[in-house]
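Trainee: I am new to this structure. Please show it to me, and then we can go through it by question and answer.

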Amino acid sequence: MESQVKSIFLILVLIQGAHSIEEYVGKLWEVFPPASFLTGLVSENHEVGFLIINIGLFIFGMLYWLLAFRGNYIWAPLILFVWVAIEIMNGIGHPIWSLMKGSYTPGVATAPMLFIVSLLLLKRLLQYFRLKMSN
């Protein structure tokens, strides 16, 4: 894949890392029922479950960035599109949740960056595939 897509994806993974730190500091698993449910599936200690999920996500993103772009793997674009979709939902969901609560919610400060970089990555991915299909 083109180097711009690879670079933007790395930025997105790093922002997701910062987002996870913000959510950790704000104890997302204590205030957001879906996060509590998910972390509870991983560990009885929701804080530990949160750390396992988010550290795992970060490691997966970094490994994907290091390895998937080296070859022409058929599954590589699918993972990028799924990651983009999740981050767009993250970027929209946190501000909506904060507006509904009328106050700060864990993750809302970094959510706009996730949204913007995800849209930029989506744009580059679509350009890349249009170009590839036209050749």
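Mentor: Contact here means heavy atoms within 4.5 Å. This is a predicted model, in which local features need pLDDT of at least 70 and side-chain atom pairs count only at pLDDT 80 or more, while totals for chains, interfaces and linings use all residues. Residues are numbered from 1 along each chain as its sequence is written, and side-chain values use heavy atoms, with hydrogens and water left out.

Trainee: How many helices and strands are in the protein?

Mentor: Helices (H or I, at least four residues) and strands (E, at least two) are DSSP runs, numbered from the N terminus. Along the sequence the pattern reads α-α-α-α-α-α. The count is therefore six helices and zero strands.

Trainee: Leaving aside neighbours within four places in sequence, which residues is F9 in contact with?

Mentor: F9 is buried. With those neighbours set aside, its contacts are G61, Y64, W65, F69, L80, W83 and L121.

Trainee: Why is the pair of F9 and W83 called edge-to-face?

Mentor: Rings of Phe, Tyr and Trp (its six-membered ring) pair if their centres lie within 6.5 Å; planes under 30 degrees apart count as stacked, over 60 as edge-to-face and the rest as tilted. The structure holds eight aromatic pairs. In this one the centres are 5.3 Å apart and the planes stand at 75°, so the pair is edge-to-face.

Trainee: How many residues apart in sequence are the parts that this pair ties together?

Mentor: F9 and W83 belong to one aromatic cluster with F60 and Y64. F9 lies in helix α1 and W83 in helix α5, so the parts tied together are apart in sequence by 74 residues.

Trainee: Does N54 count as buried or exposed?

Mentor: N54 has its place in helix α4. Not counting residues up to four places away in sequence, N54 touches Q16, S20 and E23. Because its relative accessibility is 13%, N54 counts as buried.

Notes: Buried means under 20% relative accessible area, exposed over 50%, partly exposed in between (1.4 Å probe, protein chains only).
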